[in-house]
Amino acid sequence: MEIVGSVKSYDWGKLGGQSFVAQLAQANDEQLELKTESPYAELWMGDHVNGPATVKSDGKGLDEAIRADPIGMIGTADGRLPFLLKVLSIRKALSVQVHPDKVEAEKLHRQFPDIYKDPNHKPELAIALTDFQALCGFRPYAEIDGFLQEYPELRELLGESVLAKFQAKDVSAVKFAYERLMHSAPDDVTRCIDGIAKRMVDLEAKSIELNHLFNRLYADFGSDVGVLSIYFLNYLQLKPGQAIYLAANVPHAYIDGDCVECMACSDNVVRAGLTPKFKDVDTLLRLVAYDCLAGESMLFQAKLLQPKEEPYTRTFVPPVADFAVAELRLPSDVREYSVSNPTNGSILLVISGKGTLMVAGSEVEMKMGKIIFLPSSAGRKLQLKVEDTNGPFLAFQAMSNQFA
């Protein structure tokens, strides 16, 4: 079943044809007319109520198709996909945020349904398609202490009591400092950020890359307190194929690049910086996890689940039942390949390359932008025939997680 993804034009998305989301969406839907100055931020592939995909053959929503035959489509009677697959193209940083766990999501939805629109948790996985930058998780204790020593503006903003905790190597120092930061008066935050910006030209920062990141966020967000989160959160620069997994309460912000993202079927976000949207600072501070781990520990590794039968399929298996993502990256000399289809249905997105997928005796064309929903009744093993396009065949397959 070929489906058409739902395009989201959030302000932070890349513009026009520069957006990989736009390129995929236009390849997916030939009738889509790109606007040069419009942002194309996300392509949603799933049945979430805020942007369900449509079935290409009849224009109906994928959610309708699943509800009409839940057993045949996803192998269960509940009538909903547990995951949501996306592609993101980021021009301007997304907000500093966390996602609540299931219990907190239910509570927040009950209390503030206009802000937290569903009762589900939202663990998510981001796999880089291009060079990709993100803030993710709190830095090690010593790194944060080092920035306090390096920047007198930060020391002045946070105060002597925070410095005393770091000097005493108090385990609560990072939590105390971040809470003080996020509750600082706006004028004090502005004074701190402006002060760092004025000195930045002559500042011999320990990290030139962090210096550039500060200047970029300052240009885009001015004196937003989220700009200072770069001194508390790990700054990651992923290469294509690398991934991060964001469990509940892990603070993060995507900065730049293109990625495939998969998550539990939810849109719950608790924001606290780098955004003009509602900032729920107190909720974020109540939920956020202060693990203080090295940046490289944030990288999430894929597994070869069937090294003999499917040697070019890496599967990202997070510790939740909602989703897993398989990456099919075939060398240019591979012409035939086996593709697994789980018992509960899956969504297959082609990023590059060309070929034909044999499904229930029929041939389905596979090329950039093609999005296929594979129902549970399609069969467990499908054969893919790849054409010679002088490059690798790359596709991602989202499914519920039967491997954890």
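Which residues does UniProt list for "domain: Phosphomannose isomerase type I catalytic"? The unreviewed entry gives residues 5-140. Please bear in mind throughout that the model is predicted. With residues 5-140 selected, the chain there is 23% helix and 26% strand, and the end C-alpha atoms of this stretch are 39 Å apart.

**The domains**

Next, colour the chain by its domain assignment. Domain 1 comprises 3-137 + 237-277 + 293-300, domain 2 covers 140-232, and domain 3 covers 302-399. Display domain 1 together with domain 2: their C-alpha centres lie 30 Å apart. The contact draws 16 residues from domain 1 and 16 residues from domain 2.

**The interface of domain 1 and domain 2**

Remain at this boundary and show its surface. About 1,200 Å² is buried between domain 1 and domain 2, and carbon and sulfur atoms contribute 62% of that area. Now select Lys92, Leu135 and Leu274. On the domain 1 side, these residues lose the most area to domain 2; together they account for 40% of what that side buries.

Turn to the polar features of the boundary. The rule finds one salt bridge across the interface of domain 1 and domain 2, and six residue pairs in polar contact, with both residues at pLDDT 80 or more.

Which elements give two or more residues to the side of domain 1 that touches domain 2? Select strand S10 (132-138), strand S13 (252-264) and strand S14 (270-273) to see them. S10 supplies the largest share of that side, with three residues. By class, the side of domain 1 that touches domain 2 holds eight nonpolar, five polar and three charged residues.

**Arg271**

Select Arg271, where UniProt places the feature "active site" in an unreviewed entry. Arg271 is found in strand S14. Neighbours within four places in sequence being set aside, the residues in contact with Arg271 are Ser95, Val96, Gln97, Lys277, Phe278, Lys279, Asp280, Val281 and Leu284.

**Salt bridges**

- Asp256 and Arg216: the two side chains meet in a salt bridge at 3.0 Å, N to O.
- Lys122 and Glu124: a salt bridge joins these side chains at 3.7 Å, N to O.

Note on methods: Residues are numbered from 1 along each chain as its sequence is written. This is a predicted model: local features need pLDDT of at least 70, side-chain atom pairs count only at pLDDT 80 or more; totals for chains, interfaces and linings use all residues. Side-chain values use heavy atoms; hydrogens and water are left out. Domain bounds come from an automatic or database domain assignment. Contact means heavy atoms within 4.5 Å. Buried area is the accessible area (1.4 Å probe) that two parts lose on being put together, summed over both. A salt bridge is a side-chain nitrogen of Lys or Arg within 4 Å of a carboxyl oxygen of Asp or Glu. A polar contact is a pair of N or O atoms within 3.5 Å; within protein, one must be able to donate a hydrogen and the other to accept it, and residues adjacent in sequence count only if both atoms are side-chain atoms. Helices (H or I, at least four residues) and strands (E, at least two) are DSSP runs, numbered from the N terminus. Ala, Val, Leu, Ile, Met, Phe, Trp, Tyr, Cys and Pro count as nonpolar, Asp, Glu, Lys and Arg as charged, and the others, Gly among them, as polar. UniProt positions are given in the numbering used here, feature names are shortened, and annotations may be inferred rather than shown by experiment.
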